[in-house]
Amino acid sequence: LNFLAHAALADDASTVWSCDAVERDGLLAGAVIGDFVKGSIPRAWPKPLRAGVALHRKIDALSNVHPHIQSTCRAYPTHLRRYAPIFLDLLVDFSLARNWSKFYDHAITVVSADCYHALTNNLVRLPERGHRLLTYMQDVDLLANYDDWHHIEQGLKSVLRRLQVELNLEDVIATCAAQVTPTDRLLDLLYPDLRSVSTEWNAFNAITAA
């Protein structure tokens with residue numbers, strides 16, 4: 001999953017767990033910062049942020065082995081199948097943004113604005129490329145505008161650059177465009193499971209026990 005789904009699921013968790021403003025900020029910041037933290041979560045970090053990163057990892061762990069994601073990835077052409085989970089991260093956010101009202105009563109802009117605010121409060125925990133990402137996210141309001149295909153194309157371009165693989169960008173974009181409808185079907189099957197896990201598994205309890 002990419003940033004929008006992680007932020008939305010963190011917001012779900014904050015509601016179910018009756019979090020205060022500081023705890024919710026930590027969960028929303030961790031929804032994004034979780035992509036930048038490798039290895040052990042620094043114990044010096046505030047507990048709400050540690051819980052946010054832990055929740056990010058729990059969601060990723062489920063999505064990585066979810067049978068519907070695996071079957072969707074197998075539908076990609078053989079030469080792209082290895083990278084299908086990464087492409088699917090972006091497509092799930094595209095689908096969630098387009099189908100937001102199916103899952104939520106509040107506006108997508110509420111989650112996007114609150115997530116940027118939470119990240120701004122945790123800038124010291126973001127590496128330099130995270131600072132650049134946050135600036136870009138705010139400039140284009142990326143979280144609220146993931147339903148714009150242009151952002152998906154830009155994301156795919158960034159993925160290929162980061163992976164340093166010799167894949168044809170136009171081929172990747174065309175393949176992913178053909179997977180939009182299957183990803184919409186995937187979201188209907190996947191997202192309820194992710195919402196259940198992200199609210200029933202309490203990250204605050206988990207990091208305390210650890």
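Select D141. This residue is partly exposed, with a relative accessible area of 22%. The class runs between buried, under 20% relative accessible area, and exposed, over 50%, with a 1.4 Å probe and protein chains only. D141 sits in the loop between α8 and α9 (149-163). Helices here are DSSP runs of H or I with at least four residues, and strands are E runs of at least two, numbered from the N terminus. Check the backbone: D141 has a positive phi of about 45° although it is not a glycine.

A word on the model before moving on. It is predicted, so local features need pLDDT of at least 70 and side-chain atom pairs count only at pLDDT 80 or more, while totals for chains, interfaces and linings use all residues. Residues are numbered from 1 along each chain as its sequence is written, and side-chain values use heavy atoms, with hydrogens and water left out.

**Next: Q164**

Go to the loop between α9 and α10 (169-178), where Q164 is found. Phi is again positive in a residue other than glycine: for Q164 the value is near 55°. Q164 is exposed, with a relative accessible area of 72%.

**Helix α8**

Select residues 128-140. R132 and E128 both lie in this helix, four residues apart, about one turn. R132 forms a salt bridge with E128, and the closest N and O atoms are 3.3 Å apart. The term means a side-chain nitrogen of Lys or Arg within 4 Å of a carboxyl oxygen of Asp or Glu. R132 and E128 are exposed.

Stay in α8 and pick H131. H131 is partly exposed, at a relative accessible area of 34%. Not counting residues up to four places away in sequence, H131 touches L123 and L126. Contact means heavy atoms within 4.5 Å. Zoom in on the H131 side chain: one of its polar atoms lies 2.9 Å from the backbone oxygen of L123. A polar contact is a pair of N or O atoms within 3.5 Å; within protein, one must be able to donate a hydrogen and the other to accept it, and residues adjacent in sequence count only if both atoms are side-chain atoms. Now draw a distance from H131 to C19: the C-alpha atoms are 26 Å apart, and the residues are 112 apart in sequence.

**Salt bridges across the chain**

How many salt bridges does the structure hold? There are six. Select R24 and D114: they form a salt bridge with the closest N and O atoms 2.9 Å apart. R24 lies in helix α2 (residues 21-33) and D114 in helix α7 (residues 108-120), so the pair ties together parts that are 90 residues apart in sequence. D114 is partly exposed at 26% relative accessibility.

Then select D188 and K102. Their salt bridge has its closest N and O atoms 3.1 Å apart. D188 is in helix α11 and K102 in helix α6 (residues 100-103), so this pair links distant parts of the chain, 86 residues apart. D188 is partly exposed, with a relative accessible area of 37%. K102 is partly exposed too, at 49%.

Keep α11 (residues 180-200) on screen and pick T199. T199 counts as buried at 17% relative accessibility. The T199 side chain reaches the backbone oxygen of S196 at 3.2 Å. Beyond its neighbours within four places in sequence, T199 is in contact with D12, A13, V16 and W17.

Now select H66, in the loop between α3 (47-65) and α4 (67-73). Buried or exposed? H66 is buried, with a relative accessible area of 5%. Leaving aside neighbours within four places in sequence, H66 is in contact with L190 and D193.

Select residues 84-98. 11 of the 15 residues of α5 are buried, so the helix is largely enclosed by the rest of the structure. Among the buried ones are F87, L88, D93 and L96.

Colour the largest nonpolar core, which has 74 residues. Such a core is a set of buried Ala, Val, Leu, Ile, Met, Phe, Trp, Tyr and Cys residues joined through side-chain atoms within 4.5 Å. Its largest share, nine residues, comes from α5. Which residues have the most contacts inside it? They are I33, F87 and L96. Finish on I33: leaving aside neighbours within four places in sequence, I33 is in contact with W45, L49, V53, L119, N122, R125 and L126.
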